[in-house]
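Dear colleague,

Please find below the structure that I am handing over to you. My notes on it follow, beginning with the aromatic rings and moving on to the overall layout.

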Amino acid sequence: MINQSYVFNYFNCSHYYKYSLIFCVILYSYQINFWFAKKHIKNTGVAILVESPGNVWKLEENGIHNSVGVFGTNLSNQQKLLLDSSGAMSIFTIMDNDEAGQKAADSISKICNRTYNVYNIKITSNDIADMTSDQIDAEIKNFIKERIWL
């Protein structure tokens with residue numbers, strides 16, 4: 001029998017106590033949109049990490065197809081392995097404009113900086129989902145274009 005509290009602690013799921021153990025394990029093993037973004041990541045060499053599905057959808061609406069969501073502010077070992085299989089050379093983190101988001105960007109940078117070129121895009125809105133298309137063009141697309149030749 002698996003010790004459920006050990007698994008919750010291992011996957012840092014204590015704040016997901018109301019969800020099932022299986023959902024928690026899945027949550028920290030996968031990335032939102034990875035299946036569809038993988039071919040775009042491989043073609044461009046760029047992966048964009050965001051916090052939530054809403055952020056992925058907003059970027060998709062604006063023609064950015066290589067974004068994946070990490071289900072919050074942690075990048076798990078399993079998610080890092082998926083990222084390693086994607087063909088990315090550079091990672092852009094776009095976390096929410098709050099203290100937790102900036103800590104997440106720093107944590108992801110620390111985990112990935114030996115393997116990838118890591119850039120943190122600091123947005124002026126609280127969340128990508130709150131941004132207009134013009135803001136996404138100015139703050140995100142231009143930032144990426146200045147650093148990567150696509």
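This is a predicted model: local features need pLDDT of at least 70, side-chain atom pairs count only at pLDDT 80 or more; totals for chains, interfaces and linings use all residues.

**Aromatic pairs**

Two aromatic pairs are counted, where rings of Phe, Tyr and Trp (its six-membered ring) pair if their centres lie within 6.5 Å, and planes under 30 degrees apart count as stacked, over 60 as edge-to-face and the rest as tilted. Phe92 and Tyr119 form a stacked pair, because their ring centres are 4.8 Å apart and their planes stand at 20 degrees. Since Phe92 belongs to strand S3 and Tyr119 to strand S4, this pair ties together parts that are 27 residues apart in sequence. The rings of Phe92 and Phe143 have centres 6.2 Å apart and planes at 85 degrees, so this pair is edge-to-face. Phe92 in strand S3 and Phe143 in helix H7 are 51 residues apart, and their pair links distant parts of the chain. Together, the ring pairs join Phe92, Tyr119 and Phe143 into a cluster.

Are these residues buried or exposed? Phe92 is buried, with a relative accessible area of 0%, and Phe143 is buried as well. Tyr119 counts as partly exposed at 23% relative accessibility. Here, buried means under 20% relative accessible area, exposed over 50%, and partly exposed in between (1.4 Å probe, protein chains only).

Residues are numbered from 1 along each chain as its sequence is written, and side-chain values use heavy atoms, with hydrogens and water left out.

**Chain and sheet**

The protein chain has seven helices and four strands; these are DSSP runs numbered from the N terminus, with helices (H or I) of at least four residues and strands (E) of at least two. Along the sequence, the pattern is α-α-α-β-α-β-α-β-α-β-α. Of the 150 residues in the protein chain, 45% count as buried.

The four strands form an open sheet with parallel pairing, in the order S2-S1-S3-S4; two strands pair if DSSP finds at least two bridges between them. Strand S2 (67-69) and strand S4 (117-120) are the edge strands, each pairing on one side only. Strand S3 (residues 90-94) pairs with S4 over four bridges in the parallel sense. Within S4, Asn120 is the bridge partner of Thr93, and Val118 is that of Ile91. From S3 the chain crosses through helix H6 (residues 99-112) to S4, in a right-handed β-α-β crossover; right-handed means that, with the strands pointing away from the viewer, the path from the first strand over the helix to the second runs clockwise.

**Helix H4**

Which residues of helix H4 (residues 53-61) are buried? They are Asn55, Val56, Lys58 and Leu59. These residues lie on the same side of H4, because they cover an arc of only 165 degrees around the axis, the arc being that of the directions from the helix axis to the C-beta atoms. The face turned away from the buried side of H4 carries the exposed residues Trp57 and Glu61. Strands S1 and S2 and helix H7 (133-147) are among what covers the buried residues of H4. Just after H4, Gly63 takes a positive phi of about 80 degrees.

With kind regards

Technical notes: Contact means heavy atoms within 4.5 Å.
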